[in-house]
Amino acid sequence: METINIRKADLGDASNLTVLKQQVWIATYAVEGIRTEFSDYVLSTFTVEKIRNSILDNNKFIYIAEIDNHLIGCLEIAFNVKCPVETETGPEIAVLYLLERYTGMGIGKTLLNRSLSLCDELKFISVWLTVYLKNEKAINFYLKQNFIDAGTTY
């Protein structure tokens with residue numbers, strides 16, 4: 001397998017991150033096809049300008065995973081978001097997106113572990129995340145990484 005480079009995102013990554021997030025979001029949530037609501041959401045949420053703002057936001061940290069300078073995944077940590085389940089505190093793993101072709105190779109786990117190490121360095125005791133209830137692959141992944149189901153969000 002080729003060498004995977006994991007690093008902090010910079011402004012030069014904004015276009016690639018935009019396309020990656022659009023593609024992975026559609027693959028995850030539009031499993032029955034494209035609807036106007038999905039298109040409107042993707043085109044308004046995953047824009048180069050919004051991604052640039054996220055990269056510059058001091059309350060977020062974005063790791064990217066690359067192979068041969070090609071973006072294949074990303075993980076975004078948000079430090080200023082309140083957990084919807086009152087029992088949980090700490091930063092949110094807001095995004096963990098990986099191109100489908102690269103799932104099952106340990107890349108998501110590497111991104112997650114890198115982010116957990118950062119949170120540990122910053123003295124956070126726990127992190128939290130939400131997962132789409134129909135995304136069984138992601139749910140199983142997080143359970144294998146010792147995350148627990150702490151409640152339901154809407």
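Biologist: What classes do the residues of the lining of the largest pocket divide into?
Modeller: The lining of the largest pocket has 24 nonpolar, 11 polar and 10 charged residues, where Ala, Val, Leu, Ile, Met, Phe, Trp, Tyr, Cys and Pro count as nonpolar, Asp, Glu, Lys and Arg as charged, and the others, Gly among them, as polar. Bear in mind that this is a predicted model, in which local features need pLDDT of at least 70 and side-chain atom pairs count only at pLDDT 80 or more, while totals for chains, interfaces and linings use all residues. Residues are numbered from 1 along each chain as its sequence is written, and side-chain values use heavy atoms, with hydrogens and water left out.

Biologist: What volume does the largest pocket have, and which residues are closest to its centre?
Modeller: Its volume is about 1200 Å³, and of the 45 lining residues, L96, Y97, N135, A138 and Y142 are the closest to the centre. A pocket here is an open set of points on a 1 Å grid over the protein atoms alone, where a 1.4 Å probe fits, with protein on both sides within 12 Å along at least five of seven lines, and lining residues have an atom within 4 Å of a point. Grid points are joined across faces, edges and corners, and the volume is the space filled by probe spheres set on the points.

Biologist: Which elements give two or more residues to that lining?
Modeller: They are α1 (14–29), α2 (36–45), α3 (48–56), β3 (70–78), β4 (92–98), α4 (107–121) and α5 (136–144); helices (H or I, at least four residues) and strands (E, at least two) are DSSP runs, numbered from the N terminus.

Biologist: And how much space lies in the second largest pocket?
Modeller: About 690 Å³ lies in the second largest pocket, which is lined by 22 residues, with L129, T130, V131, D149 and G151 nearest its centre. By class, that lining has 15 nonpolar, five polar and two charged residues.

Biologist: Switching to α3, which of its residues are buried?
Modeller: I51, S54 and I55 are buried in α3, buried meaning under 20% relative accessible area, exposed over 50%, and partly exposed in between (1.4 Å probe, protein chains only).

Biologist: Why are they on the same side?
Modeller: They cover an arc of only 100 degrees around the axis, which puts them on the same side of α3, the arc being that of the directions from the helix axis to the C-beta atoms. The face turned away from the buried side of α3 carries the exposed residues E49 and L56.

Biologist: What covers the buried residues of α3?
Modeller: The cover includes α1, β2 (60–67) and β3.

Biologist: Where is K123, and what is its phi?
Modeller: K123 is in the loop between α4 and α5, and its phi is near 70 degrees, a positive value in a residue other than glycine. K123 counts as exposed, because its relative accessibility is 70%. N146, in the segment after α5, also is not a glycine and has a positive phi of about 75 degrees. Most residues other than glycine have a negative phi.

Biologist: Last one: how many helices and strands are in the chain?
Modeller: The protein chain has five helices and four strands, which follow the pattern β-α-α-α-β-β-β-α-α along the sequence.

Technical notes:
Contact = heavy atoms within 4.5 Å.
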